[in-house]
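Q: Hi! Could we go through this one together? I'd like to start with how the terms are set.

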Amino acid sequence: MIRLDKNKYPIERRYINKRPNVRPGTRLKTGSPAFFVVHDTGNPGADAEAHYKYFNSQTDRDASAQVFIDDERILEIIPTGTGSDPAERAWHVRYNVTTDNDRFGYDSNDTALGVELCYGSSYKDGKLIRKIDFNEAYKRFVWYLAYCCDKWDKNPSTHIPSHKQLDPGRKSDCEQALASAGKTFKDLITDVAAELASPIRPPDFVKLPAVVAQHLIDTYISPAWYESQRAGDEVGKMHFHNLANNLRMAAGIPLLPGKAALPIQKLPKSNVQELIFRWLSPGWFKAKADGNIALANQFNANANHLRRAAGIPIE
Ligand SMILES: [Zn+2]
């Protein structure tokens, strides 16, 4: 199968100066991007260079995005993690919208990249100043999103919301720019999947059984959280909170009672290693020493459920 061509277009990196609420310089909560919000600039004829200049001198508005794509270039003006610089926050979806929290468990600004499509034409005194070739810009936009999905193991059909989907009362991007060329949001997702050359690529991990996730949370993670609480260890509390939530997301269990479950997420390998090292492996050794083979097998079975949920070979 032909895989994504990772060198099809160059990714240019020229970063704007750090300033609060434009480029705060803080890392994404998830380290690497958790999803990709597609925008258009709402500013016909303004290209990536124009937006670099605008945001580099911007001081009076809480707005920005990491990436601007036009018919000539893909320009990252805030680090995204595609290169050697770790991904940083930008301000591209209002914090008071809840659709991103419901769908992904986080605010977009804290965990997602904002990817902006430059489009349209600008005029001055009736004269054409800049016409952005839609097809060339769109091809780069599609490829960049596919590149990100490939790099961070995300699914185009679940991990690329539009700004309009997240904030339908106020926003109509990037659907409005797509519509200017007769395309729909669904076309965009289909094209990104096709660019990945894996529209039917099966996931390389298996959903964690909900009973296994709940058992591990109740037996080990909750007690560890309470232990951190007693010790006044905030870092430990946050760690075990995130560990439990990662198991819930791998098992399709809602993060909060009464909320919908999020799309199934692959379990991080480091979580599997920790759970096995800290609890399952000692349990297995003790059961073995006690001659309790059934219990030892249970520890081994749970370790293998975790391995499958992270896409690593079972033992
Ligand atoms: Zn937007």
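A: Happy to! Two strands pair if DSSP finds at least two bridges between them. Helices (H or I, at least four residues) and strands (E, at least two) are DSSP runs, numbered from the N terminus. This is a predicted model, where local features need pLDDT of at least 70 and side-chain atom pairs count only at pLDDT 80 or more, while totals for chains, interfaces and linings use all residues. Residues are numbered from 1 along each chain as its sequence is written.

Q: Great. What is the bridge partner of Val37 in β5?

A: That is Gly114. Strand β2 (residues 35-40) and strand β5 (residues 112-117) pair in the parallel sense, over six bridges.

Q: And how many residues of β2 are buried?

A: Six of its six. Buried means that 20 or more other C-beta atoms, placed from the backbone, lie within 10 Å of the residue's own. Phe35, Val37 and His39 point one way from β2, and Phe36, Val38 and Asp40 point the other way.

Q: Switching topic: which domains does the protein have?

A: The domain assignment gives domain 1 (11-195) and domain 2 (210-309); such bounds come from an automatic or database assignment. Their centres, taken over C-alpha atoms, are 36 Å apart.

Q: How many residues of each are in contact?

A: Six of domain 1 with five of domain 2, where contact means C-beta atoms, placed from the backbone, within 7 Å.

Q: Which helix gives the most to the domain 1 side?

A: Helix α2 (residues 99-104), with three residues.

Note on methods
Contact = placed C-beta atoms within 7 Å. Buried ≥ 20, exposed ≤ 12 C-beta atoms within 10 Å, placed from the backbone.
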